[in-house]
Amino acid sequence: MTFPLNTPFENLQELKKQLLEKFECQKSGNCCRREGMVYVTIPDMQKMATFLGLQLNAFIQQFCKRENGWYVVASPTHRPNCFLKDDNTCSVYALRPKSCKDYPNWPELWENRESILAELSMCPGLKKAFDRISASK
Ligand code: SF4
């Protein structure tokens, strides 16, 4: 994977645009396994609870934890694999929280060359998009 050390910021933004356009999830589960918080809203929890056949309170008790005043369904110390199944699919995929739906369009991943490179090495979907863009040049 190559793009120059001195890649100007505006070119990185163009790279981001092209990568996001070409991104196709390869179902590695790497984004779900990464260290971090998966925050959920009350409506998120309500929908997930209904989907799993649970009352909201039972869902919160079973899956959620309060962190910094927010509910999370996963954190480094609480259900770190979240709802990820052995086949790398999410058991609440259709109702996953917004941050999961937004991936890989998270601002912090596109801040600079290093953060983009780190994500390319972590996410096979982004790597595949990068290879397709490189091959078309
Ligand atoms: S809710 Fe599903 S998609 Fe989101 S991090 Fe958890 S397992 Fe992954």
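**Contacts, sheet and ligand shell of a predicted chain**

Q: Leaving aside its neighbours within four places in sequence, with which residues is His78 in contact?
A: The model is predicted, and local features need pLDDT of at least 70, side-chain atom pairs count only at pLDDT 80 or more, and totals for chains, interfaces and linings use all residues. Residues are numbered from 1 along each chain as its sequence is written. Contact requires C-beta atoms, placed from the backbone, within 7 Å of each other. Beyond four places in sequence, the partners of His78 are Lys65 and Val72.

Q: Is His78 buried or exposed, or in between?
A: His78 lies in the loop between strand 3 and helix 5. Burial is counted from other C-beta atoms, placed from the backbone, within 10 Å of a residue's own: 20 or more is buried, 12 or fewer exposed, and in between partly exposed. Because His78 has 16 such atoms, the class is partly exposed.

Q: How far is His78 from Phe59 in space, C-alpha to C-alpha?
A: The two residues are 19 residues apart in sequence. Their C-alpha atoms are apart by 14 Å.

Q: Which secondary structure pattern does the protein chain follow along the sequence?
A: Helices (H or I, at least four residues) and strands (E, at least two) are DSSP runs numbered from the N terminus. The chain has seven helices and three strands. Read in sequence, they give α-α-β-α-α-β-β-α-α-α.

Q: Which residue in the turn of the hairpin has a positive phi?
A: Strand 2 and strand 3 form this hairpin, with two residues between them. The phi in question is about 50 degrees, and the residue is Asn68.

Q: Which residue of strand 3 stands opposite Val40?
A: Strand 1 and strand 3 also pair in the antiparallel sense, over three bridges. The residue of strand 3 opposite Val40 is Tyr71.

Q: What is the phi of Lys27?
A: Lys27 sits in the loop between helix 1 (9-22) and helix 2 (30-33). Lys27 is exposed because 12 other C-beta atoms lie within 10 Å. Most residues other than glycine have a negative phi. Lys27 is not a glycine, yet its phi is positive, about 55 degrees.

Q: How many other C-beta atoms lie within 10 Å of Arg79?
A: Arg79 is found in the loop between strand 3 and helix 5. Arg79 is not a glycine but has a positive phi of about 50 degrees. Its class is partly exposed, and the count of other C-beta atoms is 17.

Q: What is the omega of the peptide bond from Tyr103 to Pro104?
A: Pro104 is in the loop between helix 5 (98-102) and helix 6 (113-122). Most peptide bonds are trans. The bond from Tyr103 to Pro104 is cis, with omega near 5 degrees.

Q: How many residues of each class does the shell around the ligand have?
A: The shell includes Cys32, Cys82, Cys90, Arg96 and Cys100. Ala, Val, Leu, Ile, Met, Phe, Trp, Tyr, Cys and Pro count as nonpolar, Asp, Glu, Lys and Arg as charged, and the others, Gly among them, as polar. The tally is ten nonpolar, no polar and one charged.

Q: What distance separates the centres of domain 1 and domain 2?
A: Domain bounds come from an automatic or database domain assignment. Domain 1 covers 8-23 + 107-137, and domain 2 covers 33-103. Taken over C-alpha atoms, the centres are separated by 27 Å.

Q: What distance separates the C-alpha atoms of Lys137 and Gln55?
A: Lys137 is in the segment after helix 7 (124-135). Lys137 is exposed because it has 4 other C-beta atoms within 10 Å. Along the chain, Lys137 and Gln55 are 82 residues apart, and their C-alpha atoms are separated by 53 Å.

Key. A residue is near a molecule or strand if its C-beta atom, placed from the backbone, lies within 6 Å of it. Two strands pair if DSSP finds at least two bridges between them. Two residues are in contact if their C-beta atoms, placed from the backbone, lie within 7 Å.
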